[in-house]
Amino acid sequence: MLAIAADDGTAAHRVLTAAGLGRQTIRNALDREFEHSLNAVGVSLASFGLPKPSRAPKRPPKVGASARLALERGFAAFTGKKDLRPTHLPLGILDTGIGTVPRALTLAGIDRADLRARARETLACGNW
């Protein structure tokens with residue numbers, strides 16, 4: 001979702017930002033979810049001197065199983081055009097019931113059903 005929020009000018013970006021999900025907001029929600037998950041198992045993030053994330057590797061990242069599943073869900077959730085559009089990806093992510101992103105969105109107070117409806121409407125209107 002971070003990459004989608006950073007991709008200015010796309011319909012997917014507009015859907016996310018209309019719901020208050022800019023890149024930094026999503027990053028903050030993911031960070032809160034990480035800390036919350038650690039706390040759930042009795043680990044305090046403050047207890048460790050974790051290094052800052054390193055810069056992106058020189059080689060492009062591989063698409064993992066979760067990303068493939070989100071793409072499949074997003075594409076299957078909409079029966080209109082048979083073209084894959086950027087808005088299909090957040091729709092597929094939002095259709096996921098469990099995992100890091102759904103927990104992060106819940107912690108951020110985001111109404112996933114409303115966001116899903118906005119994404120569907122954007123696809124239905126052809127405003128990709």
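The structure is a predicted model, in which local features need pLDDT of at least 70 and side-chain atom pairs count only at pLDDT 80 or more, while totals for chains, interfaces and linings use all residues. Residues are numbered from 1 along each chain as its sequence is written, and side-chain values use heavy atoms, with hydrogens and water left out.

The protein has seven helices and zero strands; here helices (H or I, at least four residues) and strands (E, at least two) are DSSP runs, numbered from the N terminus. Reading along the sequence gives the pattern α-α-α-α-α-α-α. Taken along the principal axes, the C-alpha atoms fill a box of roughly 50 × 35 × 25 Å. Of the 128 residues in the protein, 28% are buried, where buried means under 20% relative accessible area, exposed means over 50%, and partly exposed lies in between (1.4 Å probe, protein chains only). Among contacts with a separation of 6 or more, 54% come from residues 24 or more positions apart.

The next step is to look inside. A nonpolar core is a set of buried Ala, Val, Leu, Ile, Met, Phe, Trp, Tyr and Cys residues joined through side-chain atoms within 4.5 Å. The largest such core contains 21 residues, and M1, L16, L21, I26 and L115 have the most contacts inside it. Two or more residues of this core come from each of α1 (2–6), α2 (11–18), α3, α5 (88–94), α6 and α7 (112–125).

L16 is found in helix α2 and is buried, with a relative accessible area of 0%. Leaving aside neighbours within four places in sequence, L16 is in contact with M1, I4, A5, L21, I26 and L115. I26, for its part, touches M1, L2, A5, L16 and L21, again not counting residues up to four places away in sequence. For a sense of distance, L16 and F75 are 59 residues apart in sequence, and their C-alpha atoms are 18 Å apart in space.

Helices α3 and α6 provide a view of how two helices meet. Helix α3 (residues 23–40) packs with helix α6 (residues 100–107) at an angle of about 105°, and their axes are 8 Å apart. These axes are lines fitted to C-alpha atoms, for helices over the stretch in contact, and angles run from 0 to 180 degrees between N-to-C directions. The two helices, α3 and α6, are therefore roughly perpendicular to each other; angles of 65 to 115 degrees count as roughly perpendicular, under 35 as roughly parallel, over 145 as roughly antiparallel and the rest as oblique. On the α3 side, the contact is made by A29, L30, R32, E33, H36 and S37, and on the α6 side by T100, V101, R103, A104 and L107. Sorted by class, this contact has five nonpolar, three polar and three charged residues. In this sorting, Ala, Val, Leu, Ile, Met, Phe, Trp, Tyr, Cys and Pro count as nonpolar, Asp, Glu, Lys and Arg as charged, and the others, Gly among them, as polar.

Salt bridges come next. A salt bridge is a side-chain nitrogen of Lys or Arg within 4 Å of a carboxyl oxygen of Asp or Glu, and a search of the whole structure finds four. One of them joins E33 and R103, whose closest N and O atoms are 2.7 Å apart. E33 lies in helix α3 and R103 in helix α6, so this pair ties together parts that are 70 residues apart in sequence. E33 counts as buried at 4% relative accessibility, whereas R103 counts as partly exposed at 41%.

Another salt bridge links R27 with D31, with the closest N and O atoms 3.1 Å apart. R27 and D31 are four residues apart in helix α3, a separation of about one helical turn. R27 is partly exposed at 30% relative accessibility, and D31 is partly exposed at 38%. R118 also forms a salt bridge, with D114, at 3.0 Å between the closest N and O atoms. Both R118 and D114 lie in helix α7, four residues apart, about one turn of the helix.

Finally, G97 sits in the loop between α5 and α6. At 58% relative accessibility, G97 counts as exposed. Apart from neighbours within four places in sequence, G97 is in contact with P102 and R112.

Conventions
Contact means heavy atoms within 4.5 Å.
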